[in-house]
Each structure stands twice: as C-alpha cells, then as structure tokens.
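The following exercises concern the model displayed below. Each consists of a task and a solution worked in steps.

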Amino acid sequence: MDDPDVWRWIWLVLAVVAGLGEMATTGFFLVPFSIGALAAAVLAFLGVGVAWQFLTFALVSVAVFAALRPLAHRLDQSISPAQGVGAKRLVGMQAVVLEEIPPGDFGMIRVGAEQWRAESIDGHPIPAGSTVTVRDVQGTRARVEPSS
C-alpha cells in the first residue's frame with residue numbers, strides 16, 4: 001500500500017464518496033472528510049509521502065469541521081421549530097363538534113378534514129355544532145374546550 005498511484009485513487013474515491021454521502025445527510029458532517037481527502041489526494045499527485053498525506057487529511061478534516069460548526073449552529077437556529085409533529089400539530093386549531101361531548105365521556109369533532117374522538121378539558125358538556133379549540137392530544141383523542 002505504499003505505492004503512490006494507489007493512494008492517489010484511494011483519496012479521490014474517499015473524497016467523492018464522502019461528498020456524495022454529505023448530499024444524503026444533514027449537518028455538514030461528511031464535508032470535512034471530503035475536503036481532507038481531496039487535500040490528501042493533491043499531495044499524493046504531487047508525490048508527497050503517505051505519512052504526510054494522512055497528516056494532511058486529519059488536520060484539514062479537523063480544521064474544516066471546526067470552521068463549519070458555527071455555520072451549522074447558525075443554520076439550525078434560523079429554522080423555526082415546527083408547531084407540532086404528528087397529532088400534536090392539531091393543538092390550537094379550531095374544530096366543529098359532530099357528536100355531543102358529554103361530561104366525562106367522548107364525542108366526535110372534525111378538525112380540517114379529520115375526525116377525532118374528543119373530550120372536554122373542564123368536564124362540561126359541549127353540544128353538537130359548537131366550535132371548540134384543541135388544547136391537547138393524548139393518544140387517539142383530542143382534549144378540547146369551547147372557543148370564545
């Protein structure tokens with residue numbers, strides 16, 4: 001493996017594979033390795049020894065990783081957090097009561113195009129046709145209160 005021709009291609013393949021892998025992932029994790037391998041490939045094509053190639057790969061990878069961390073952190077913070085994921089996206093939405101929600105029992109509501117079992121948060125009955133606000137989702141049921 002001390003053949004310089006072999007290391008040229010190993011570094012190039014590593015640079016390409018890490019670059020393609022970065023396209024399939026998020027967070028700038030593989031970019032430093034791709035750039036480090038590219039720097040090592042340049043040294044290999046210049047005829048520099050394998051030990052210097054490895055050292056360059058390591059140093060350039062660490063330096064690029066350290067340089068990209070603030071950028072990745074800033075990008076993560078600029079993305080506003082989602083209102084909710086899955087059923088929690090319903091929290092805060094308005095709904096129409098399809099079947100009366102009796103005290104301590106379940107009725108049916110429609111939120112957008114979806115129908116959900118619902119219970120009153122305060123335990124008071126809510127008549128059919130009323131407008132309610134979804135305050136929580138627990139499992140397959142929404143906890144609602146009358147809209148003001």
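## Strand order and conventions

The model contains a closed barrel of five strands in the order S1-S2-S3-S5-S4, with mixed pairing. Direction ignored, neighbouring strands of this sheet are turned by 55° against each other on average; the axes are lines fitted to C-alpha atoms, for helices over the stretch in contact, and angles run from 0 to 180 degrees between N-to-C directions.

This is a predicted model, in which local features need pLDDT of at least 70 and side-chain atom pairs count only at pLDDT 80 or more, while totals for chains, interfaces and linings use all residues. Residues are numbered from 1 along each chain as its sequence is written, and side-chain values use heavy atoms, with hydrogens and water left out.

Helices (H or I, at least four residues) and strands (E, at least two) are DSSP runs, numbered from the N terminus. Two strands pair if DSSP finds at least two bridges between them.

## Exercise 1: Pairing around the barrel

Determine the sense of pairing and the number of bridges for S1 with S2, S2 with S3, S3 with S5, and S4 with S5.

*Solution.* 

Step 1. Strand S1 (residues 94–99) runs antiparallel to S2 and is joined to S2 by three bridges. Within this pair, Val 97 has Ile 109 as its bridge partner in S2.

Step 2. S2 (residues 107–111) and S3 (residues 114–120) are likewise antiparallel, with five bridges between them.

Step 3. S3 pairs with strand S5 (residues 141–146) in the parallel sense, over four bridges. Arg 117 is placed opposite Arg 141 in S5, and Glu 119 has Arg 143 as its bridge partner in S5.

Step 4. Six bridges connect S4 and S5 in the antiparallel sense. Thr 133 stands opposite Glu 145 of S5.

## Exercise 2: The hairpin turns

*Solution.* 

Step 1. Two residues separate S2 from S3 in their hairpin, and Gly 112 in the turn has a positive phi of about 65°.

Step 2. The hairpin of S4 and S5 also has two residues between its strands; in this turn, Gly 139 has a positive phi of about 65°.

## Exercise 3: Salt bridges

*Solution.* 

Step 1. A salt bridge is a side-chain nitrogen of Lys or Arg within 4 Å of a carboxyl oxygen of Asp or Glu. A search of the whole structure finds five of them. For accessibility, buried means under 20% relative accessible area, exposed over 50%, and partly exposed in between (1.4 Å probe, protein chains only).

Step 2. In helix H1, Arg 8 and Asp 5 lie three residues apart, about one turn of the helix. Arg 8 is partly exposed at 21%, as is Asp 5 at 39%.

Step 3. Because Glu 119 lies in strand S3 and Arg 143 in strand S5, the pair ties together parts that are 24 residues apart in sequence. Glu 119 is buried at 15% relative accessibility, whereas Arg 143 is partly exposed at 22%. Glu 119 and Arg 143 also belong to a network of salt bridges with Arg 141.

Step 4. Glu 145 is partly exposed at 29% relative accessibility, and Arg 135 is partly exposed at 42%.

## Exercise 4: A glutamine in helix H3

Is Gln 53 buried or exposed, and with which residues is Gln 53 in contact beyond its neighbours within four places in sequence?

*Solution.* 

Step 1. Gln 53 is part of helix H3 (residues 50–78).

Step 2. Its relative accessibility is 1%, so Gln 53 counts as buried.

Step 3. With neighbours within four places in sequence left aside, Gln 53 is in contact (heavy atoms within 4.5 Å) with Trp 7, Trp 11, Ala 40, Leu 43, Ala 44 and Val 48.
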